[in-house]
Every structure is written in C-alpha cells, then in structure tokens.
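Here are a few notes to read alongside the structure.

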Amino acid sequence: MGERILIIEDEEKLARFVEMELSYEGYTVQKAYDGRTGLALALSGDFDLVVLDIMLPGLSGMEVLRRIRRELQTPVIMLTARDTVTDKVSGLDGGADDYMTKPFEIEELLARIRNALRKTAQKRGSGQGEGRALTACGVSLDPWRHVVEFEGTHVELTKREFDLLQFLMENKGLVFSRDALLDKVWGYDYMGDTNVVDVYVRYIRSKIDDVFGIKLIHTVRGVGYMVKDEQKT
Ligand code: CA
C-alpha cells in the first residue's frame with residue numbers, strides 16, 4: 001500500500017527522520033546510505049519516487065542520477081547542502097524533477113513529493129483519466145490525478161488525509177468504525193491509537209468543511225464516520 005519511496009542519503013539521522021515522516025504519511029519507504037546501494041535499489045524499478053542526496057560516498061548523487069535516467073523515468077528529488085546555481089542547473093539538466101536545499105522543512109519535502117507523484121500520475125493518465133473523479137457535496141476527488149477540489153478550488157491534503165477521504169468517498173453512504181478505517185486506510189501494521197482517525201477527520205474538516213461551509217464527513221455517534229451526499233444548507 002502507498003507509493004514506494006527510496007531515500008538515498010548518507011546522513012543516517014536525516015535519512016531515518018525522513019523515513020519516519022514518510023511512513024507516517026503512508027508511504028512505503030526504503031533507504032540506502034551510499035550511492036552504489038542506492039543505485040542498485042533504484043534500478044530495480046520498484047520505486048515510485050527517489051529522494052537523492054548529491055554528496056554521497058561511493059558514487060555521487062549526480063552519477064546515480066545519470067545512471068537512473070539511462071533506464072528509468074522515476075521522479076527524482078535531489079537534496080543538496082549548498083544552495084548553488086551550478087548544482088541546481090546540473091541536477092535539472094541531469095534529469096532531476098525537483099530540488100531541496102538542506103536544511104529543509106519536512107512539510108516542504110512532503111509537498112514536493114506529492115507534487116512530483118501527481119505530475120507522474122498526470123503524465124501516465126493523460127487522455128484516459130477523465131471522468132473518474134469521486135464526488136460528494138460539491139467536492140471532487142480524483143484518485144487518478146490525486147487532486148481534490150471544491151467547486152474548482154484546489155484543496156491541499158496530505159497523503160494520509162487524501163487516502164482517508166478517498167476511502168470514505170468511494171464508500172459514500174456507508175458508516176465505518178474507527179477500527180475499520182484504521183484497517184482499510186492505515187493498514188494491518190498500524191499499532192497506534194484509534195484516536196488517530198479522529199485527528200485526521202478533524203484535519204480534513206478544517207481544510208474542507210470549515211473552509212467551504214459544507215458537511216462532508218458525518219460523525220455517526222457510537223459508530224464512526226461516513227461521507228454523505230447532501231446539499232449545502
Ligand atoms: Ca550527504
């Protein structure tokens with residue numbers, strides 16, 4: 001479940017932190033601490049996106065990028081410690097999709113990852129992804145393009161929020177308990193508290209219901225949550 005992301009970064013602490021944040025968002029993450037290992041993993045073709053540090057032992061990030069690009073179009077986000085124009089230009093020339101200069105805010109990296117994955121999905125789906133959006137209460141969610149809109153206004157959701165809303169919209173009119181949602185959206189390996197569902201419902205409401213004055217996600221007392229299609233009142 002979840003898109004698979006490969007992190008190639010020799011700063012182990014940073015790599016572990018990014019891994020944790022990405023896993024928390026529902027991505028499946030693997031990491032490599034040097035260029036050669038990272039390249040071998042990347043070339044397996046098992047990843048939807050690669051986060052690649054430029055300064056790596058063994059094989060430099062630029063070289064890893066070059067070799068990935070010989071064979072694959074997997075989106076690559078480069079990490080660099082130096083905010084130099086040269087690095088950016090050579091990285092983008094080498095086929096990187098985006099850039100982050102260290103130190104960076106994790107939220108910013110998450111946003112760029114979503115963006116890169118969305119672009120790939122758009123490329124893949126151009127011409128065939130039309131008319132597949134889910135709708136409820138004026139909200140449309142397009143699983144194919146990974147976009148949520150309310151009457152044409154774009155709503156920025158994190159991956160986990162998106163997955164939760166997608167599940168509820170796919171099953172519009174049905175009530176799900178917190179346990180069921182944890183199982184369906186977070187997956188069998190989730191060991192945390194069921195309160196996390198309430199927290200994410202609150203996040204979604206604060207970005208959609210509260211902003212647009214609609215009631216998209218209903219609380220069914222003693223049971224759980226549901227998305228119901230009803231007109232704005
Ligand atoms: Ca490094």
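At what angle do the axes of helix α7 and α8 cross, and within what distance do they come? Please keep in mind throughout that this is a predicted model.

1. **Two crossing helices.** The axes of α7 (residues 178-186) and α8 cross at roughly 75° and come within 9 Å. That angle makes α7 roughly perpendicular to α8, since 65 to 115 degrees counts as such. On the α7 side the contact is made by Arg 178, Leu 181, Leu 182 and Trp 186. Val 196, Val 197, Asp 198 and Tyr 200 contribute from α8.

2. **The aromatic cluster at this crossing.** Two of the contact residues, Trp 186 and Tyr 200, turn up again in an aromatic cluster, together with Tyr 203. Within helix α8 (residues 195-207), Tyr 200 and Tyr 203 are 3 residues apart, so about one helical turn separates them. Tyr 200 is buried, with a relative accessible area of 2%, whereas Tyr 203 counts as partly exposed at 40%.

3. **Aromatic pairs.** The structure holds 4 aromatic pairs. One of them joins Phe 167 and Phe 176, edge-to-face, with 4.8 Å centre to centre and 65° between the planes. Phe 167 counts as buried at 14% relative accessibility, and Phe 176 counts as buried at 12%. Tyr 200 and Tyr 203 also form an edge-to-face pair, with 5.1 Å centre to centre and 80° between the planes.

4. **The calcium ion.** Which protein atoms are its donors? They are the OD of Asp 10, the OD of Asp 53 and the O of Met 55, lying 2.1 to 2.3 Å from the ion. Along the chain, these donors follow the spacing D-x42-D-x1-M. Asp 10 lies in the loop between β1 (4-8) and α1 (12-24), while Met 55 lies in the loop between β3 (49-53) and α3 (61-71), so the pair ties together parts that are 45 residues apart in sequence.

5. Met 55 counts as exposed because its 51% relative accessibility passes the 50% cut-off.

6. **A charge over a ring.** Finally, do have a look at Lys 159 and Tyr 27. The charged end of Lys 159 sits over the ring of Tyr 27, at 5.4 Å from the ring centre.

Methods
Residues numbered from 1 in each chain as written. Predicted model: local features only at pLDDT ≥ 70, side-chain atom pairs only at ≥ 80, totals over all residues. Heavy atoms only, no water. Donors = N, O, S within 2.8 Å, 3.2 Å for Na, K, Ca; no water. Helix = DSSP H or I, 4+ residues; strand = E, 2+ residues; numbered from the N terminus. Buried < 20%, exposed > 50% of the residue type's maximum accessible area, 1.4 Å probe, protein only. Phe/Tyr/Trp six-rings, centres within 6.5 Å; stacked < 30°, edge-to-face > 60°. Lys NZ or Arg CZ within 6 Å of the ring centre and 35° of its normal. Axes fitted to C-alpha atoms, helices over the stretch in contact; angles between N-to-C directions. Parallel < 35°, antiparallel > 145°, perpendicular 65-115°, else oblique. Contact = heavy atoms within 4.5 Å.
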